[in-house]
Protein chains: 2
Amino acid sequence: MEHLLAQRTARMGANAIREILKVTGQPGMRSLAGGIPAPEAFPMEAIARLSAQVIERWGPRAYQYDLTEGFGPLREQLVPFLAAKGIGADAAGVLITTGSQGALSQLAQILVSPGDAIAVESPTYLGAISAFNPYEPRYLTIETDQGGVIPESLAEVLDRESVKFVYLTPTFQNPTGRTLSLSRRRLIADIITRHGVLLVEDDPYNDLRYRGEAVPPIKSLAPDHVVYLGTVSKVFAPGLRVGFVVAPTPVARWLVTAKQGIDLHTSTPNQALAALYLESGELQRHLPEIIALYKPRYQAMLNALDRSFPRDIRWSQPEGGMFVWAEGPEGLDTVSMYERAVAEKVAYVPGRFFYTDPDAGAATMRLNFTMLDEATITAAVETLGEVLRRELGDAG
Amino acid sequence: MEHLLAQRTARMGANAIREILKVTGQPGMRSLAGGIPAPEAFPMEAIARLSAQVIERWGPRAYQYDLTEGFGPLREQLVPFLAAKGIGADAAGVLITTGSQGALSQLAQILVSPGDAIAVESPTYLGAISAFNPYEPRYLTIETDQGGVIPESLAEVLDRESVKFVYLTPTFQNPTGRTLSLSRRRLIADIITRHGVLLVEDDPYNDLRYRGEAVPPIKSLAPDHVVYLGTVSKVFAPGLRVGFVVAPTPVARWLVTAKQGIDLHTSTPNQALAALYLESGELQRHLPEIIALYKPRYQAMLNALDRSFPRDIRWSQPEGGMFVWAEGPEGLDTVSMYERAVAEKVAYVPGRFFYTDPDAGAATMRLNFTMLDEATITAAVETLGEVLRRELGDAG
């Protein structure tokens, strides 16, 4: 059958990360490899109550085919939700997608011809790469430091080459946890406007802030140049597969055409449920509970890193989200180290999977703090510190 | 922004059919243009009860991220469902998709490079064309008669050109309502096996049979050469966006990789709900109710056509599904006639939208019988008969 495959399919290689993560289900494994919300963060009581209300309120309409653009009542509820973040859109300007992944896939389908360039921060979100790869882009990498994307590096890339779009996660980035400051956002808004370039701003973690002050999305600073992606996955439940997009009008129109071919529309009952979650004020009520669950875990991880990690490992200082990013000295290889960590019942994601350059990121790793309780996080980081110390001894 | 579009996007033209169907919402319109199940066919009481059970039984797991392949309990429930149709698969061999549309889109993504050929029956399902078009195929058309696809025409096409796959809806086809006989299925199974060709068998209407005997899917006759697509849309509720695929192993593996990039996975709670719908026997209990709703409508349409349509219009004699297909003599143009029918408060879908050749099908139309009650169908067909009579008078 292999001869039947499209040329592009070669780019969609078997998922190496999936193989590596298979061990995380082993008994006793303390996994910092997760990339998902804690199930105890889901508002199950509200889900049960609001699911019944969906049926009472909309009846069969909530289970029928619906518009590709999205379920009207959800699009309306998202208007004030977005306005609170500084994003102006009317209901007709909000499109619903099958998770943010659906939006990333649609964007690549309508914008990317083989060989076209996409500028991504380095490291970048793995799931975006799997959404883009089938459309055979080239990747241009934008350099980052502890403050996230370096605006001068973005300007250099855009001066050098024309790109179909820039892809960034400016807030609590996956994998680094870093957040761009307001001044960097202003510089980036200015750069993309000056270059007439489209920016895809992926913002799934925005509401998961444990300290510091909210920073406005770049979309609010350059509305005509930004495609903004949000999701209910991190503040409600990811299994619903409900995301949303606010895009400049011509892009929005093509996104709808693409989605019609891809999946017709996103699940109607799940959109109806999300609409009630927003309308009832349940999101505002429940969000502090999610924060109250994650914040001590976040703090436990940062404390444990301070206490247990070797001095020549550096790590990010996120103010929210789900991840800390750690980087060791040259010579450290977190892929080969993985099996030794797993032998000690600790798992993480080797950072190289988040780079489009296969030679980059050997000494990096992503650590998740949402899936384990504080004591387990503390113990896991301690063990990982010991494993690292041995690695670095070996490497030296 | 137009300069940013990918080359492929030109193929994804604005949906003309969508424009034409906008009028179907006008007050008093009797629309035979629908392509969707009747909302009164949805088992709302069971949906309410089983939705509560999903939460009791699986809790947060039913709202968490899940495997790209699908929710385990649903895949298990589909094994006996498929076996009853003669399709042998274990749970690992059943993949869940975001409706059949999701499966069509994934198949095109992994198999079609620009210029590759897909063989489709003529006319064919419009939604499949919108799923395939972004991947820039060429279409080869297989001729049909009142019995559906003509096997000799398929053999001729495959002798002449190599194709990535053949796409057919052998049972109660959309748009024609036609069903391939067992003897034609055997011939087709033989042809694709002999040519070593992949057949995509789209089977959404299989369970909606109002008379005659079930015919086994081609998948059961040539299991190694057929990708079988099913959905719960027509026997449960389409808004759930839950479909399923049984494919030869190498194809299945790539379908999973593609889906990971497209939407990660299909809605977990909707899959869980479908699993309980099957497990509880609710589908077997409810299906006769759907048939009892549709069968009189189907009969009303066939009777009204007999009574009211001009003699030089021919139409299909479906044994199930949702559609009848009508064809007039050369000279009839169902697109230009559309506004005159709408003025008389009757809508239908002009048949040319179901042809990949833009010059074909001018004299054809698709008539749906699931959305209106018997009296309205009878009156709508009567009016349409009068409109047609005037058209044919004009044309002669």
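**View 1. Chain A of this predicted model splits into two domains.** Domain 1 of chain A is built from two stretches, 2–42 and 285–395, while domain 2 covers 64–280. Taken over C-alpha atoms, the centres of these two domains of chain A are 24 Å apart.

**View 2. Here is where domain 1 of chain A meets domain 2 of chain A.** Domain 1 brings 32 residues to the contact and domain 2 brings 30. On the domain 1 side, two elements of chain A give two or more residues: α10 (282–308) and β12 (323–327). Helix α10(A) has the largest share of that side, with 6 residues. Sorted by class, the domain 1 side has 19 nonpolar residues, alongside 7 polar and 6 charged ones.

**View 3. Next up is the contact between chain A and chain B.** Chain B puts in 65 residues and chain A 63. Looking at the side of chain B that touches chain A, the helices that each supply at least two residues are α2 (44–58), α4 (99–111), α5 (126–132), α8 (249–262) and α9 (268–279) of chain B. Helix α8(B) gives the most to this side, with 8 residues. As for the make-up of the chain B side, 36 residues are nonpolar, 22 are polar and 7 are charged.

**View 4. Chain B can be superposed on chain A by a rotation of 180°.** The shift along the axis is 0.0 Å, and the RMSD comes out at 0.0 Å. Because of that relation, the axis is a two-fold one. Both copies use the same surface for the contact, as 97% of the contact residues of chain B recur in chain A.

**View 5. Now for the largest nonpolar core, and the residues with the most contacts inside it.** The core holds 249 residues, and Val166(A) and Val166(B) are the ones with the most contacts in it. Which residues does Val166(A) touch, leaving out those up to four places away in sequence? They are Ala119(A), Leu154(A), Ile192(A), Val197(A), Leu199(A) and Val200(A).

**View 6. Strands β7 and β8 of chain A run side by side as a parallel pair.** Strand β7(A) spans residues 165–168 and pairs with β8(A) over 3 bridges. Across this pairing, Val166(A) sits opposite Leu199(A) of β8(A); Leu199(A) is also one of the residues that Val166(A) touches. Strand β8(A), residues 199–202, is covered on both faces. Leu199(A) and Glu201(A) are buried on one side, and Val200(A) and Asp202(A) are buried on the other.

Terms used
Residues numbered from 1 in each chain as written. Chains lettered and ligands numbered in written order. Predicted model: local features only at pLDDT ≥ 70, side-chain atom pairs only at ≥ 80, totals over all residues. Contact = placed C-beta atoms within 7 Å. Helix = DSSP H or I, 4+ residues; strand = E, 2+ residues; numbered from the N terminus. Nonpolar A, V, L, I, M, F, W, Y, C, P; charged D, E, K, R; others polar. Least-squares fit on C-alpha atoms with pLDDT ≥ 70 in both. Domains from an automatic or database assignment. Core = buried A, V, L, I, M, F, W, Y, C linked by C-beta atoms within 7 Å. Buried ≥ 20, exposed ≤ 12 C-beta atoms within 10 Å, placed from the backbone. Pairing = 2+ DSSP bridges.
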